[in-house]
Amino acid sequence: MIQAIAFYLFAAVVLLSAALTITARNPVHAVLWLILAFFNAAGLMVLVGAEFIAMLLVIVYVGAVAVLFLFVVMMMDVDFAQLRAGFARYAVIGLAFAVALAAEIMIGVGAYSAGAIQLARRAAPVAENVPNIVALGSLLYTRYLFVFEGAGLVLLVAMIGAIVLTHRERAGTRPQNVTRQVMRRPGDATRNVKPAVGQGVEL
Amino acid sequence: MNASLLMTLPELVLAAGAILLMLVSAWGGQTSTRGVSIAAVAVLVGAGVALAGPAGAGGEAWDGLYRADSFAAFAKILIFAASAVAIILAPGFFERTAGDNLRPEYPVLILLSAAGMSMMVSANDLLVLYVGLELQSLAAYVLASFMRRDTRSAEAGLKYFVLGALASGILLYGISLVYGFSGSTLFPQIADAYAGPRSLGLTFGLVFVFAGLAFKMGAVPFHMWTPDVYEGAPTPVTALFASAQKVAAIVIAVRVAVAAMGPVTEEWYPIVIFASLASIFLGAVGAIGQTNIKRLLAYSSINNVGFALVGLAAGTQQGVASVLVYLAVYVVMTLGSFLVVLQMRDADGQQVESIASLSGMSRTRPGLAFALMMFMFSLAGIPPLFGFYPKLAIFNAAVDAGLFPLAVAAVVGSVVGAYYYLRVVKTMFFDEPGEVFRPVENPVEGGLIAVAAVLVSPLGYLAIPLLTVWTTTAAKALF
């Protein structure tokens, strides 16, 4: 009972916020509705027992992707009125895409109900009672440790490459010298003077 | 776990060395370039020494993902040696090239690329193969565009990146099909799946995997990137691409073909035979019109990949051994040619690359001209020189495997290819002297040219007994 209520609650909010994402006039509001949709999708994932995907949705999509969208929306001067201007012109092709996608969903569901594809051999499924975070972690950090570390090196190369190809030391700039700033004492910067009356100030 | 770590010692040494040297260069900046380069060569030597232990022939590590056998060890020695040469050549080249300086990241990226190639040749699993391939490719893209102020270098890097990403996609698609229909990414289990009753999906996977690997080794019809990238990239990097990368790509293709897809030899035969013949002829014909020596060597590398694939097409233990012999000699000849190309510089000390500028070099710089003549004759496979022997071994293996027509076609292709090698020799010996090159300033580069020239000279035949024993053991490890 409680599962059914939770499912319909999450599902309804996902649909509602998804609809509001594409209809909201203010792009910042659209991104905020998108974040709400992600959170509720994560709730749905928890309901079916895929807690790793739920956390991935929250961390990656809400934490990184949606925030990136927000930055893009706020920093770029996108004229949304102009973007919407061609709606009638592209309505036909948009409709064609929608029909194609709907047909794919129907064919997919039909094929699924007709029975799964016979693959030659399938990797053994994980044992029961093992949470999928534990299962993934034990695979990544024991069996596939070597590949995992290799992937880490690939990312390191990507970082080195980006810096090597773009970083440039420009002459004539005056960057902040933190060490010098920290080393500086009040005595170096201020001077206590006692000008005599009528003498004026010596700078 | 500890045994696995010991077996992957070369990769560990390279990765740890690269990270350490990255830190040194981050703090040391431009001034640390020399020290980092020397240390990087030392790391490569260390990784080579590590092969003497369990890493040389210890068997399987990491639950079968990685295979440390003498087949991989042979390829690793070639890869490490070629990478070390690419580091040694760099300071001289960048000094003579206006605009860009050598930065300490160069040796670090070469180390990481060597680690990737080393992973690749030891891969016993499609995941390790892919990660190793990406590691070496990504480092290679950056190295190709290392000269930021040179538009040709940037073009080379961009072209290589876009086409390389496409090839990775094709390979990955093949890997996903193979995994989906065989249920495993481990080579022995894939071989089991191929041996049993199999679906069409496995055949599709095989075709895509071979297409991806053919791109990485620059075999026709996936060779288009080679001349442009080789011409634009800094010459020491081109030397690395033409030697170490080719070795890694061909060796892993041999391993995939034999260890994972051995039971369906008849399915990959046509692919390998087509790629090898097309590479031999297109490499030979395409090189004829070239005026740039680096482009010429690029077509020469395509041509040579074709010959190496003839050995793979044989599909026998003898064929695999002949591929290894071929690669070993090819690396020496190619590195020697690039060493000579690096000595081509005009009176101002700037690098020149046109073949016409070689004219009359036999009179102005007889020693250098003689060395280049040896490399060119050797690449053409003309008998007294050592370059003849690996071609002979390859054709022998092909004939013994019953591929007589392929061997004949390859010999014809080799004769066509000899034309453009001879044209370079003719330019050097019979044309009127043009501009005079500056003498070899760097004793290390001069010494390396001399060593390579001695190795490809008829004296090289003395190494045949050693080479035969070594490659036969290596090939045996695969079957």
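**Exercise 1.** Determine whether B:D63 is buried, partly exposed or exposed, and compare its setting with that of B:W62.

*Solution.* Step 1: a residue counts as buried if 20 or more other C-beta atoms lie within 10 Å of its own, as exposed if 12 or fewer do, and as partly exposed in between, with C-beta atoms placed from the backbone. Step 2: B:D63 has 15 other C-beta atoms within 10 Å and is therefore partly exposed. Step 3: for B:W62 the count is 22, so B:W62 is buried. Step 4: B:D63 is located in the loop between β1 and β2 of chain B, and B:W62 is found in the loop between β1 (59-61) and β2 (66-68) of that chain. Helices (H or I, at least four residues) and strands (E, at least two) are DSSP runs numbered from the N terminus. Step 5: neither backbone is that of a glycine; phi is positive at about 55 degrees in B:D63 and near 50 degrees in B:W62.

The model is predicted: local features need pLDDT of at least 70 and side-chain atom pairs count only at pLDDT 80 or more, whereas totals for chains, interfaces and linings use all residues. Residues are numbered from 1 along each chain as its sequence is written, while chains are lettered from A and ligands numbered from 1 in the order in which they are written.

**Exercise 2.** Locate the cis peptide bond that involves B:P221.

*Solution.* Step 1: the bond joins B:V220 and B:P221, with omega about 5 degrees. Step 2: B:P221 lies in the loop between α10 (200-217) and α11 (225-232) of chain B.

**Exercise 3.** Describe the side of chain B that touches chain A.

*Solution.* Step 1: two residues are in contact if their C-beta atoms, placed from the backbone, lie within 7 Å. Step 2: the contact takes 33 residues from chain B and 20 residues from chain A. Step 3: at least two residues each come from α2 (9-28), α6 (105-122), α7 (126-144) and α8 (151-182) of chain B. Step 4: α7(B) gives the largest share, nine residues.
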